[in-house]
Amino acid sequence: MPPAGLGANMAMLDATELALALAAGPDDMTAALSSYETAMFERGAAAAQESADIMEILISPAGAQGILEFFQQ
């Protein structure tokens with residue numbers, strides 16, 4: 001995950017959701033993990049794309065202006 005502020009938040013959410021999935025299905029860890037991964041991959045892909053978009057703004061020639069416009073939206 002690019003360092004744009006979402007990685008740590010996603011990691012904490014992933015850990016919480018994995019723990020909840022395993023606690024809800026202790027007899028079938030494979031099913032619990034599969035269910036968790038499906039949601040995690042969807043959520044993670046969206047967060048990774050958002051982070052990449054933010055990084056693209058940051059490293060562009062007009063980075064400061066681009067970030068200002070991003071937060072003004």
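**Basis of the model**

This is a predicted model, in which local features need pLDDT of at least 70, side-chain atom pairs count only at pLDDT 80 or more, and totals for chains, interfaces and linings use all residues. Residues are numbered from 1 along each chain as its sequence is written, and side-chain values use heavy atoms, with hydrogens and water left out.

**Helices H2 and H3**

Helix H2 spans residues 29-59 and helix H3 residues 63-72; their axes come within 6 Å and cross at roughly 140°. Helices are DSSP runs of H or I with at least four residues, numbered from the N terminus. Axes are lines fitted to C-alpha atoms over the stretch in contact, with angles from 0 to 180 degrees between N-to-C directions.

In this contact (heavy atoms within 4.5 Å), Ile-54, Ile-57 and Leu-58 of H2 meet Gly-63, Gly-66, Ile-67 and Phe-70 of H3.

**Asp-14 in helix H1**

Asp-14 lies in helix H1, residues 7-24. Its relative accessibility is 16%, so Asp-14 counts as buried, a term meaning under 20% relative accessible area with a 1.4 Å probe and protein chains only. Leaving aside residues up to four places away in sequence, Asp-14 touches Tyr-36, Met-40 and Arg-43.

Key: Helices (H or I, at least four residues) and strands (E, at least two) are DSSP runs, numbered from the N terminus. Buried means under 20% relative accessible area, exposed over 50%, partly exposed in between (1.4 Å probe, protein chains only).
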